[in-house]
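Subject: Handover of a structure and the findings on it

Dear colleague,

Please find below the structure that I am handing over to you.

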Amino acid sequence: MSIAKRIMTSYSERQHPVRRLCMAVSACLILAFPVPAVSATESSGAEYQPVSPTIDQARANILIARQLQFTHFRSMGINDELSGDVFDAYLNYLDGQHIYLSQQDVDKFSAVRESLGSALKTGQLQPGFDIYNLVQRRVIERLNFAIGVVEAGIDKLDFQSDEQILLDRSEADWEPDTEALNDLWTKRIKNAVLAQRLNGSSDEEIRESLLRRYEGQLKRTRQARSEDAFQAYMNAFAGMWDPHTSYFSPRTSENFNINMSLSLEGIGAVLQSDNEYTKVVRLVPGGPAAKQGQLKPADRIVSVSQEDEDETVNVIGWRLDEVVGLIRGPQGSVVTLEVVSSDAADESITRTIAIKRDEVKLEEQSASSEVIELDRNNEAFRIGVINIPTFYADFKAMMANDPNYKSTTRDVRNLINDLKADGIDGIVMDLRNNGGGALHEANDLVGLFIEEGPTVQIRSSGNDIKVLEDEDPSVTYDGPLVVLVNRMSASASEIFAGAVQDYGRGLVVGSQTFGKGTVQAVRSLNHGQLKITQSKFYRVSGGSTQHKGIIPDIEIPSRVDKTRIGEDALDHALPWDQIESVPYRRYFDFSSVIDELRTRHDGRFADHPEFRLLQKEIDFLKRQREQTAVSLNFDKREQHQNQLEEDRLSIANARREIRGKKPFDTLQQLDDWQDQQAADIGNNDEDLDFIVMEGGNIMADMLELDRKMASILPPQNFTSQAKSY
C-alpha cells in the first residue's frame, strides 16, 4: 500500500562515526549485558541449538536505532517506558496467543524489562536473543507434549464435560506454570479433534493430520537461525514507531525487491506474518487470487500443497519468506492453500483453496467501464461506471518514451471520452478494494475532474510540506460524479476520494476507508534494509487521511470487520491530525441536498432485498465475532456447528432466491457450487453489483434535484476561498 518507495544508500563509515565505534566494540557489546541464564537441562536443550547475535547484526541494530530516533515521522526517543513496551511487543510477537510461555518464564526476564532500550541503542542484542531462545525451547516442549497426547490416543480424550476454550488468547493472562500450560494444550487438541470430527474426518485421519502439523512445526522450530531472532527482535522494536516500519533481513530484502519488480509468478496476494500464521493483507487487483475469488484479506494460511505432490506442507510457525517461496512456482501450475477464513468461528476450522499461478499482467489491472440504465418516474438515466482496481503506470514504457504507455489517468481519460460519446448523464467511479499505487497517478486523475489546483499535501518528518498540484487547466469531465469506496480503499484511493469531497466535485459513497495515509522509504543497512515511515498525507482542506481515512457522504454498511482490518486496527498507528488548508476552489455545496439524498437512499435500502440480505450477513458475522469461547462438549459443539451451517445455507439460498435460482438442498451442494464458480473464472454469471446500482441511483437522485449538481460551473459561481467539507 505504499505510495512512494525510495531506495537510499547505506550510511558510510566516514559519514557516521557511530558505525566506526560499533565496528571496534561490537564483539564485546554483544555479550556485555547481563541476562538470566537458561540451562540446557531445563527445557529440551538437547533438541534446540541456541542462536547468537553476530557483529553485523549489532552494527545494523545501532543504525536502526539511530534512524528510528532521528528520521522517523514520529519523534520518539528510546527510554525506560519504551523498553517495557518493546519487551511486551517482543513477547507478543513470539507468543501472541500466550500458549508457549508461562508467567514463570516471563518473570525470569523482569530484570531486563526496563533496560532493553539502552541495550538496543548500543547494539547489545543478547537479551533479545535469550528471550528468543527460551521461547523456542518452550515451543518444542509444547509440541512434544501435543504429540504425546495425540499418540496416546485421541479416543482417550473426554468430550462430555462442560469445558470451554478461548478463541482469542491475545489479551489473556499468561498461564502460571507448566501444569496449567499442559491443561491448556489438552484443550487445544480437543478443540482441533472436535472441529475435524464434525467435518466428517475419522479419528485416524485426525491423528495423522495433527501429527503432521505438530511434527512439521517441531522440525521448523529446531531449524531456527540467528537471522530469525534478529528480524523478530528488530520488528518488535521498529513497530513501536508505527506498524508500517519494519526490518528486512537480507533474504527478506531480496524477496521484497523481487515483488517490486513483479518478476516471478505467484497468486497475487500481499502476505505478512501474524504470530504463528501467515496472513493475507490484501489481494493484487487482476491477480490469480483476486480472479479466483475465494481467498480474502485476513485469511490465515495453515498449509501449502503443490499439484504434483501428495504431501501437504504445514506452514504454521514458518518464516514469511519460506511460505512465499512455497506459494511461488511455474506459471500455469496450481498451488492449494489450506486457510483459516477471516470469518471462521474457530481457528481449527479450515478450508482449501486451489489457485492457478500466473503473472499479474498490467492490462488485467486496467480501468474498465460499463453503462447502466435506470428508469426513474418515466425518465431514463444513463450512468457510466468506471472501475479502477489500482493506480498503475507502465514505468518501463514511460522511461522508454513510448507515446502509448499505459497508466490509470490515460486509460480513464479515454474511457470518459467514450462514455461522453455514448451520451451518459453522470459517472460513478468505483474505487472499492483499490489499495493504492502510484501517487502521481492519483494527482493526475484528480486533474481530469477539476481545473488547476492542489490535490494533496505531503508533510515530512522535518515538518516540511510539499503540495502536489494539477497544473493543467483543462477538464476531461465536468459533469456530476459519485465515488464508491470501502474499507479496502486505501492510500492513493483516499487521496482521490478526499480531493473530490473537498472540491465539492462529487459525493463519496460506501464505507469508511482504510486510513493508510503515510509514506515509507526503504533504506539500505550494512545488513538488510529498514522500511521507515518518513511522511504523511493531508487533504487540501488540512485533515490527514491517516487513521481516519475518508468518511463517506452516504454510508453503506460493510461485511468487513473494522476492528481487524484498517489502520485504526493496527497497534501504534500514527494518529489523525490536521494542518493548515491550502487555497482551493469549491465547485458545489451539497449541504442543502445531502439530507434529501440520504433519505432517498435509506428508503430504497429499507425495501431492497439485496440490502436486507447484506444486513443479515453482517449480523451473522457479528454474532460469530462476538463469540469469545467455544464448548469442548461434543453435543453442544455439534449443535453450534449445525446452527452455523444452517445460517450459512440460509443466506446463500436467500441470495439465489433474489436471482431466481433454485436453492441448495445441502451445505455440500453450496460448497461444490462455490468451487465450480472459482474454477470457472471467465464465466461468472452474477448480476451487476447492487452497490454499483445504488451508486447509479444516487446519481439519478442528484440529477433529479439539480441537473447542474457537482458540475463545473462558470468561474463567477466559484467560491474563491478554501473550505473544508
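**Findings**

Phenylalanine 391 is buried, with a relative accessible area of 3%; buried means under 20% relative accessible area, exposed means over 50%, and partly exposed lies in between (1.4 Å probe, protein chains only). This is a predicted model, in which local features need pLDDT of at least 70 and side-chain atom pairs count only at pLDDT 80 or more, while totals for chains, interfaces and linings use all residues. Residues are numbered from 1 along each chain as its sequence is written, and side-chain values use heavy atoms, with hydrogens and water left out.

Phenylalanine 391 belongs to the loop between β11 (379-387) and α13 (395-399). Helices (H or I, at least four residues) and strands (E, at least two) are DSSP runs, numbered from the N terminus. The C-alpha atom of phenylalanine 391 is 5.7 Å from that of threonine 408, although the two are 17 residues apart along the chain. Contact here means heavy atoms within 4.5 Å.

Helix α15 (residues 439-447) is largely enclosed by the rest of the structure, because seven of its nine residues are buried. The buried residues of α15 are Leu439, Glu441, Ala442, Asn443, Leu445, Val446 and Gly447. Their cover includes α14 (408-421), β12 (426-430), β13 (453-460), β14 (465-470), α16 (492-503) and β18.

**The chain and its cores**

The protein chain has 21 helices and 20 strands. Of its 725 residues, 54% count as buried. Among contacts in the chain with a separation of 6 or more, 78% are between residues 24 or more positions apart.

A nonpolar core is a set of buried Ala, Val, Leu, Ile, Met, Phe, Trp, Tyr and Cys residues joined through side-chain atoms within 4.5 Å. The largest such core has 70 residues, and Ile189, Tyr214, Met234 and Phe237 have the most contacts inside it. At least two residues of this core come from each of α2 (55-71), α3, α5 (116-121), α6, α7 (178-198), α8 (203-222), α9 (226-238) and β18 (529-538). Helix α6 supplies the largest share of this core, twelve residues. Methionine 234 touches Asn61, Ile64, Leu120, Leu125 and Tyr247, not counting residues up to four places away in sequence. Another core lies apart from the largest one; this core has 43 residues, including Leu431, Ile458, Leu468 and Val500.

**Cavities**

On a 1 Å grid over the protein atoms alone, a cavity is a set of points where a 1.4 Å probe fits but cannot get out, and lining residues have an atom within 4 Å of a point. Grid points are joined across faces, edges and corners, and a volume is the space filled by probe spheres set on the points. By this rule there are three cavities of 30 Å³ or more. The largest cavity has a volume of about 40 Å³. Its lining consists of Phe87, Leu91, Leu101, Asp105, Val106, Phe109, Ile131, Leu134 and Val135. Two or more of the lining residues come from each of α3 (80-94), α4 (103-108) and α6 (126-151), and α6 gives the most, with three residues.

**Glutamine 512**

Glutamine 512 is placed in the loop between β16 (507-510) and β17 (518-524). With a relative accessible area of 13%, glutamine 512 is buried. A polar atom of its side chain lies 2.7 Å from the backbone oxygen of lysine 548. The side chains of glutamine 512 and lysine 562 are joined by a polar contact of 3.1 Å; a polar contact is a pair of N or O atoms within 3.5 Å, and within protein one must be able to donate a hydrogen and the other to accept it, while residues adjacent in sequence count only if both atoms are side-chain atoms.

**Two residues with positive phi**

Most residues other than glycine have a negative phi. Serine 491, in the loop between β15 (481-485) and α16, has a positive phi near 60°. Serine 491 counts as buried, at 0% relative accessibility. Histidine 572 has a positive phi of about 65° and is found in the loop between β19 (554-555) and α17 (594-607). Histidine 572 is partly exposed, with a relative accessible area of 35%.

With kind regards

Key: 1 Å grid on protein atoms, 1.4 Å probe; cavity = no way out; pocket = protein on both sides within 12 Å on 5 of 7 lines; lining within 4 Å.
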